[in-house]
Amino acid sequence: MKVIFSAGGTGGHIFPAIAVADELKRQMPDAEILFVGALGKMEMERVPTAGYKIKGLNIAGFQRKLTLKNIWHNVQLPFKILDSMRAVRRIIKNFKPDVVVGFGGFASGPTLRAAAQMNIPTVLQEQNSYAGVTNKLLAKSARAICVAYEGLEKYFPLNKIVLTGNPVRADIINVKAKRKEGLNFFGLDSSKKTIFVSGGSLGARTLNNCIEQNTDFFKQHIDIQVIWQCGKIYFDTLKTCEAAQLPNVHLLPFVQRMDLAYAVADIVIARAGALTISELCLVGVPVILVPSPNVAEDHQTKNATALSKKNAAVLIPDLDAAEKSLPMVLDILNDTQTAQSLGENILKFRKPDAAKDIVKVIISQTGE
C-alpha cells in the first residue's frame, strides 16, 4: 500500500498528518508513505524529523496585503501553480500511490487536484469548524472528507463527510502521568502554579504581549511560573526583554515536548487553531482561548465559541488579551470549582481515536 500525504505551512496541518501516518504505519508496517509539501516551509524540516520522506513544491499562497513585494509575488503565483502541477504529476507517476490525503497547506491544492485528474482516490481532512476555499474546491472530487466538527454539510456533500475529530500525536494522550518528568524537563518549581502560553508553532504577537507587557504581574506573583512559547521569529527580540529575565518566566522559541508542557500546566493561554484545541480537549485543564483575527473567515473565533458556549473554555478577544488574560488566570486559579469545571467540560470534546478513524477511511479507499 502506498499513500501520499500533503500537509504544511503550520504545525496545525503538519502534526495531524504525521499522527495519521504514524497510525497507518502501526497498523500496516509495510505501507509506503511519501509527504508532499512546500519548499521553504516548516514541513521540509518537521516531516523528515518524524521519519518520513518529503518532496517539496515551489508553491506559495496568495498575499492579501498589497505591498510591491506581495503584488510581484501574486503576479508570479499562476506560474508557480502550473510548475507545481507539473512537478506533482511527476511525483505521482513515480511513486504510484493508492490514495492521496490532504491535510491543508499550500501544497495540498495542486497535489490533490493532480491526483484526482489522474483518477487516484483522494481524501480530505478538514480541521476547522469553517471550511477553507481550497478544501471546498477539492471536495468536489474527493472520495471522503474527514471533519472535526458537526455542521460541515454547509460546505461539503453530506454523503462524503465522516466525523472523526482531529488527530493528535499519541504522546499527548494521558499526559498527567508525565508531570514529574515535565517539571524536570523545564526546570520548574513543583510548588508553583504553571501557566503555559502557546502561540502555536509560529508564535503569536498578541500572546507574546500578554507576557512582555505584564512584567509586574510575575514580579508580584512569584508563586506563579510560566512556560512561554514565543515562536522562532520573535525569540531574538524577546530574549532580552525584562520579563524574560525573571526567574519564574521560562521563554522558549519552540516547545519540542508539547506533551510535557501540557503535563505541568495548571492553565493554558493559547490561540484557537484546530490542532491546539484538539490537543487541549485531551489534556483537560482550564483554557483561555485568544482567537487570531488574521485567519480566513475568522474560523478561530468559531472554533473557540464552540467550546466557550459549553463552558469548556474562556474566550478573550485578541484586542483585550494583553489586559485581561492574566487577571483571568488569577480568577480561575483562585477558584477551584471553576478550574475543575472548565477542565472537566473540555474533556467532553475529546476524540482520542481520530487518527485510527481517519486511517480506516484511507484504507477503505484502497480496497485493502
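Author: Helices (H or I, at least four residues) and strands (E, at least two) are DSSP runs, numbered from the N terminus. Residue numbers start from 1 along each chain as its sequence is written. The model is predicted, so local features need pLDDT of at least 70 and side-chain atom pairs count only at pLDDT 80 or more, while totals for chains, interfaces and linings use all residues; side-chain values use heavy atoms, with hydrogens and water left out.

Reader: Thanks! Is Pro157 buried, exposed or partly exposed?

Author: Buried means under 20% relative accessible area, exposed over 50%, and partly exposed in between (1.4 Å probe, protein chains only). Pro157 has 32% relative accessibility, so this residue counts as partly exposed. Its C-alpha lies 30 Å from that of Lys80, and 77 residues separate the pair in sequence.

Reader: Which category does Ile224 fall into, and why?

Author: Ile224 counts as buried because its relative accessibility is 3%. This residue belongs to strand 9 (residues 224-229). For its surroundings, take contact as heavy atoms within 4.5 Å. Leaving aside neighbours within four places in sequence, Ile224 is in contact with Lys193, Ile195, Phe217, Phe218, Asn248, Leu330 and Leu333. Glu150, on the other hand, is 74 residues away along the chain, and the two C-alpha atoms are separated by 38 Å.

Reader: And what about Ile233: buried or exposed?

Author: Ile233 has a relative accessible area of 67%, so it is exposed. You will find Ile233 in helix 9 (residues 232-238). From its C-alpha to that of Val264, 31 residues apart along the chain, the separation is 25 Å.

Reader: Where is Asn128 found?

Author: Asn128 sits in the loop between strand 5 (122-126) and helix 5 (133-138). With a relative accessible area of 10%, Asn128 is buried. Not counting residues up to four places away in sequence, Asn128 touches Tyr149, Leu152, Ala274, His299 and Asn303. Gly102 is 26 residues from Asn128 in sequence and 14 Å away in space, C-alpha to C-alpha.

Reader: I like to check backbone torsions. Which residue that follows helix 4 has a positive phi?

Author: That is Asn119, with phi near 60 degrees. Helix 4 (residues 108-117) is itself mostly covered, with seven of its ten residues buried, Pro110 and Leu112 among them. Asn174 also has a positive phi, about 60 degrees, although it is not a glycine; this residue lies in the loop between strand 7 and helix 6 (179-186) and is exposed, with a relative accessible area of 59%. Asn311, again not a glycine, has a positive phi of about 55 degrees. The place of Asn311 is the loop between helix 12 and strand 13, and at 40% relative accessibility it counts as partly exposed.

Reader: How do I test the length of helix 14?

Author: The expected span of a helix is 1.5 Å times one less than its number of residues. Helix 14 (residues 336-347) has twelve residues, so it should span 16 Å, and its end C-alpha atoms, 17 Å apart, agree with that. Its buried residues are Ala339, Leu342, Gly343, Asn345 and Ile346. Among the elements covering them are helix 11 (274-283), helix 12 (299-308) and helix 13 (321-333).

Reader: How many residues has the largest nonpolar core?

Author: In soluble globular proteins, nonpolar side chains tend to be buried together. A nonpolar core here is a set of buried Ala, Val, Leu, Ile, Met, Phe, Trp, Tyr and Cys residues joined through side-chain atoms within 4.5 Å. The largest has 92 residues, and those with the most contacts inside it are Phe5, Leu24, Phe35, Phe196, Leu289 and Ile362. Helix 1 gives the most to this core, with seven residues. Take Ile362: leaving aside neighbours within four places in sequence, its contacts are Met1, Val3, Phe5, Val20, Val99 and Val101. A second, separate core has 33 residues, including Val197, Cys210, Ile288 and Leu342.
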